[in-house]
Amino acid sequence: VTHQLRTPLNEIKWNLELVLEKILGKTIKDQEQLMNATYDANERAIAIVNDMMMVLDIERQRINLRESETCLDDLVDSLIMEYKKNIKIKKLKIIFANSERKQRLSIDPVKIRSAIAKLLDNAIKYTHEEGEIVMRIEEKDGKVIFAISDNGMGIPVNEQGNIFNKFYRATNACLLFPDDSGLGLFIAKTEIEAHGGEIWFDSQEGAGSNFYFELPIKSE
């Protein structure tokens, strides 16, 4: 089913891009706003289908890592650019305090980028307008630690033990975004642990969340 959904959703995406890029002719402002809203909705649908496919791979133990030497800082920089539109719309302040020494790791760049994207996407969604998101990378005890902090809505204390479970979502998150899949943190945890890493967090409802993960620095 997920494979069959993916094809028409991508066709919708490509057709919308033709209109938005004015390849088929000029559009008026109201049409552009409608097309942009439709494009964003379609992107959310594609993301949910992709997450479902990833979960199927996880359940069937088909997580194959294609490792290469990768700089974590570069992955974060590329994601900040990718989410630039969302950041601008909510007038968020993004701070990336990267390490002086840009450590290169032997990782699967696609999967680690995916894990960081899940964390950044959540931080953007659940941080109020004009809020602040801080990301940092540091090296400690033979490991690289990535941290992302926000001053958003936070997670209720009595629900924090379930937050990495498949399909689980905190009650306050459900009220704000009722249509999300609840798969993001489950997938991120799987992707980090597949690299021999660890992911954890601390959070206070109404005050924000801090998510961390660490990856081992493998010797050559």
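Is Arg-113 buried, partly exposed or exposed, and what is its relative accessible area? The notes below start from that residue; the model is predicted.

1. Arg-113 is partly exposed, at a relative accessible area of 25%. Its salt-bridge partner is Glu-82, and the closest N and O atoms of the two are 2.8 Å apart. This pair links distant parts of the chain, with Arg-113 in helix 5 (residues 109-126) and Glu-82 in helix 3 (residues 72-82), 31 residues apart. Glu-82 is partly exposed too, with a relative accessible area of 46%. The structure holds 12 salt bridges, and this is one of them.

2. A salt bridge also joins Glu-132 to Lys-93, where the closest N and O atoms lie 3.9 Å apart. Here the link runs between strand 4 (residues 132-140), which holds Glu-132, and strand 2 (residues 93-97), which holds Lys-93; the two residues are 39 apart in the chain. Glu-132 has 30% relative accessibility and so counts as partly exposed. Lys-93, at 48%, counts as partly exposed as well.

3. Lys-125 is buried, with a relative accessible area of 19%; the cut-off for buried is under 20%. Asp-121, at 24% relative accessibility, counts as partly exposed.

4. Helix 1 and helix 2 have axes that come within 9 Å and cross at roughly 155 degrees. The two helices are therefore roughly antiparallel to each other, since angles over 145 degrees count as such. Their crossing is left-handed.

5. Helix 2 also packs with helix 7 (residues 184-194), at an angle of about 45 degrees and with the axes 10 Å apart. That angle makes helix 2 oblique to helix 7. The crossing of this pair is left-handed.

6. Leu-24 sits in the loop between helix 1 (2-20) and helix 2 (29-59). With a relative accessible area of 64%, Leu-24 is exposed. Together with Leu-18 and Ile-23, Leu-24 forms a nonpolar patch on the surface, and the accessible area of the three is about 290 Å².

7. Ala-147 belongs to strand 5 (residues 143-150). Its relative accessibility is 2%, so Ala-147 counts as buried. Between the C-alpha atoms of Ala-147 and Ala-47 the distance is 23 Å, and the two residues are 100 apart in sequence.

Methods: Residues are numbered from 1 along each chain as its sequence is written. This is a predicted model: local features need pLDDT of at least 70, side-chain atom pairs count only at pLDDT 80 or more; totals for chains, interfaces and linings use all residues. Side-chain values use heavy atoms; hydrogens and water are left out. Patches are made of residues with over 30% relative accessible area and no salt bridge: like charges are joined within 9 Å, nonpolar side chains (Val, Leu, Ile, Met, Phe, Trp, Tyr) within 5 Å. Accessible areas come from the Shrake-Rupley method with a 1.4 Å probe; for residues, only the protein chains shown count as cover. A salt bridge is a side-chain nitrogen of Lys or Arg within 4 Å of a carboxyl oxygen of Asp or Glu. Helices (H or I, at least four residues) and strands (E, at least two) are DSSP runs, numbered from the N terminus. Buried means under 20% relative accessible area, exposed over 50%, partly exposed in between (1.4 Å probe, protein chains only). Axes are lines fitted to C-alpha atoms, for helices over the stretch in contact, and angles run from 0 to 180 degrees between N-to-C directions. Angles under 35 degrees count as roughly parallel, over 145 as roughly antiparallel, 65 to 115 as roughly perpendicular and the rest as oblique. A crossing is left-handed if the near helix is turned anticlockwise from the far one by less than a right angle, and right-handed if clockwise.
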